[in-house]
Amino acid sequence: MAVADKGLSGASAGSSILNDERYRSVFYQIVVFGLIAWTGYYLIANTANNLQSRGMSVGLDFLSGEAGFSIAWSLLEFKPNDSYFWVYLIGITNTLIVSFIAIILTTILGFFVGIMRLSSNWLVSNLAGWYVEILRNTPLLLQIIFWYLGVFSLLPRPKQSLDFGGAELFFLNNRGFYMPKAVPGELFWITVIAILVAIAGAIYLTHRSNRIQEATGEYHSAFWPSLALLIGLPLAVFFASGSPLGFEIPALKGFNFRGGGRIPPAMCALLIALVIYHSSYAGEMVRAGIMSVSHGQTEASYSLGLKPSWTMRLVIIPQAMRAIIPPMISLWMNVVKNSSLAIAIGYPDIVSVFMQTSLNQSGHAIEIVAMVMLFYMTVSLSISAALNVYNKHVQLKER
Amino acid sequence: MKKLSLLGLGAGLIAAVAFSAAPAQAESTLDIVKKRGHLRCQIGTPAPGFYNLKKDGSWVGSDVAVCRAVAAAIFDDPNKVEFQSVTSTVRFTALANGESDFLSRTTTWTLYRDTQLGLTFTTVNFYDGQGFMVPKDSGINSALDLKGATVCVLTGTTTELNLTDFSRTNKLDIQPVVFEDSNVRNETYLKGGCDAITNDKSGLASNKAGFPDPGAHTILPETISKEPLGPMVRKGDGQWFDIVRWTVFALVAAEEMGINQGNVASLAANPTSPEMARMLGKEGDLDKGLGLPKDWVVRVIGAVGNYGEIYGKYMGSKSPDGIGIARAGSQNDLWTKGGLMYAPPFR
């Protein structure tokens, strides 16, 4: 048919290019692309022009200037005389660390909640049901402030800190959770390499056991050998290289504890609120995914003699994944975006340190807002791209 | 959600600048305001003293009074004002875009803001300074005792920078905890989540008045920064700049000459000095350059009172709306009484 069409359009030779099917679509695509490019150029040029005519300084030069303020908590070291660009990076790492931990815990907790809701035990399924309904139906901002003011602010003051284990190593008070900080010695890099080697070894063992099972049908669990490798090798190397790791212990000095590692109460509150709120959504996605697998699959698996736990793990979940992953992508993106609510309780995320403080100090509203949007967009698109790859991997493969 | 609104706002700001054509230079701000029939004045979200909402929904406060004074000068009606309550994050962009005619929002006059935002400060209508508030039972008597302390601070102001400067200068290693919402900050402070609150002293007084037990907190003596607060306008319209600036001067000059809301009408008819006669429009033509009617000062004072009356009503301790900041001997007193409030001569 297509061939016949081409013949027809070729027959109407002499008419304009627009009537030629071969060029028409290309022509329109060029026109549309040109319009978009022109609009983009117009917006940027007009913005710059307007800012200039109003005497507002434009450009990203301010990024190298000294910020001058301090940041309450950061993963990387920050000093008041660091640049605005460093503030941007500090904000990004603070947002990413909270989002990363929250995404992992959300997903794990979500799976538990989803499976619990499907349990045949009345108590378990109802508990999970209430959990989902209560958490899903109250605003996240409210929950964050609840955890912060209602739980972490009520902890004892530094002088009456809770001492976990009584060893004067772990302390909890309303300024945060304090713990000993590991200070790596000179030869610690050898241990790091040993850990990497152990991980590679464990992956190899698992693959080998899978290959053997596929080839011969015999199942040799790689779990215990892998675990032994993961723990044993790094430990052996660590002690052989002379235990090159010291610890900095937190101690009460003046108003607060000094030294050691600290997780501020705002971060704890934010993490818990994000995880609990989003896990209720994740639970529903998991439940929907599992229910989308036909009951016949379970019956078939039982009749093959598989245990219920194996049935869930080997038959149901892999098939449920293709229904779970797409909504999970947007949930993960929501976790990252919702972490910007941190500003309500004083956690220094990117919106707080960059879009609030830096914007106010430097006055470069447009550049800063655009940079923050660019960051959130990059993260969202990366999550989406990564999970789409995984999604392709778990979809039904028709052979 | 907060983030969505923030990002939406950001997009809006960008769009507003991107799509709007450059403002027409031909028409002056005064003409635009007259044609529109009311003034657009940017103030902040409710804060006792400067701009606060009454039960009937009307705005009151010392910064609000400046808006009303300018409206009275132009329209002879202090209510011909559209108040735009904005957060500190968007204030400069909103003014630069022409969404409002001027900004009267506890904004600190700094070199940077005066030169690089396309905006300009008119004058100072309140001298403030940053201080600290601590619980009385903490035993802290000086800001220099705050070594290693955790201090709660609001974002979006010069406060964060001053705090860090003070901490660096005195090697105090103060840890800031930054909040966007003053209610959450106050609650954190009251529960001991930080050792002190820092803010402009007027703000601290206003917060303290709202605490369940105001007597249990004390404002430390140190003032760690200069915070001259005043109205801002866009650069490029000298006449409009003069109108806002001289309206504030008129409030101060009126107090100096003993003109108040009660006696302004009679003094306008029978001025007691040549300068008063010129200021109240009985003699001379001082209104010419401003493009305002001859009796504009009479209208202003008749509508909002002089500087001292405004201060007493919203800042002092005697009125129900006041936040209890003593004026006598402070920088906000008249220059004749040892303060910094000084208006150039009306001649």
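**A helix pair in chain A**

In this predicted model, helix 3 (residues 84-117) of chain A packs against helix 10 (residues 308-338) of chain A, at an angle of about 140 degrees and with the axes 9 Å apart. Angles over 145 degrees count as roughly antiparallel; helix 3 of chain A and helix 10 of chain A are therefore oblique to each other. The crossing of helix 3 of chain A with helix 10 of chain A is right-handed.

Helix 3 of chain A brings A:Ser99, A:Ala102, A:Ile103 and A:Thr106 to this contact, where they meet A:Trp332, A:Val335 and A:Val336 of helix 10 of chain A. By class, the residues of this helix contact are five nonpolar and two polar, with no charged ones.

The two helices belong to a chain whose secondary structure comes to twelve helices and eight strands. The C-alpha trace of chain A spans about 90 × 75 × 50 Å along its principal axes. Chain A has a radius of gyration of 28 Å, whereas a compact globule of 399 residues would have one near 21 Å. Of the 399 residues of chain A, 32% count as buried. Among contacts in chain A with a separation of 6 or more, 65% are between residues 24 or more positions apart.

Chain A also touches chain B, in a contact that takes 51 residues from chain A and 48 residues from chain B. On the chain B side, helix 1 of chain B supplies the largest share, nine residues. The chain B residues on this side divide into 19 nonpolar, 17 polar and twelve charged.

Note on methods
Residues numbered from 1 in each chain as written. Chains lettered and ligands numbered in written order. Predicted model: local features only at pLDDT ≥ 70, side-chain atom pairs only at ≥ 80, totals over all residues. Contact = placed C-beta atoms within 7 Å. Helix = DSSP H or I, 4+ residues; strand = E, 2+ residues; numbered from the N terminus. Nonpolar A, V, L, I, M, F, W, Y, C, P; charged D, E, K, R; others polar. Rg over C-alpha atoms; globule rule 2.2 N^0.38 Å. Buried ≥ 20, exposed ≤ 12 C-beta atoms within 10 Å, placed from the backbone. Axes fitted to C-alpha atoms, helices over the stretch in contact; angles between N-to-C directions. Parallel < 35°, antiparallel > 145°, perpendicular 65-115°, else oblique. Left-handed = near helix turned anticlockwise from the far one by under 90°.
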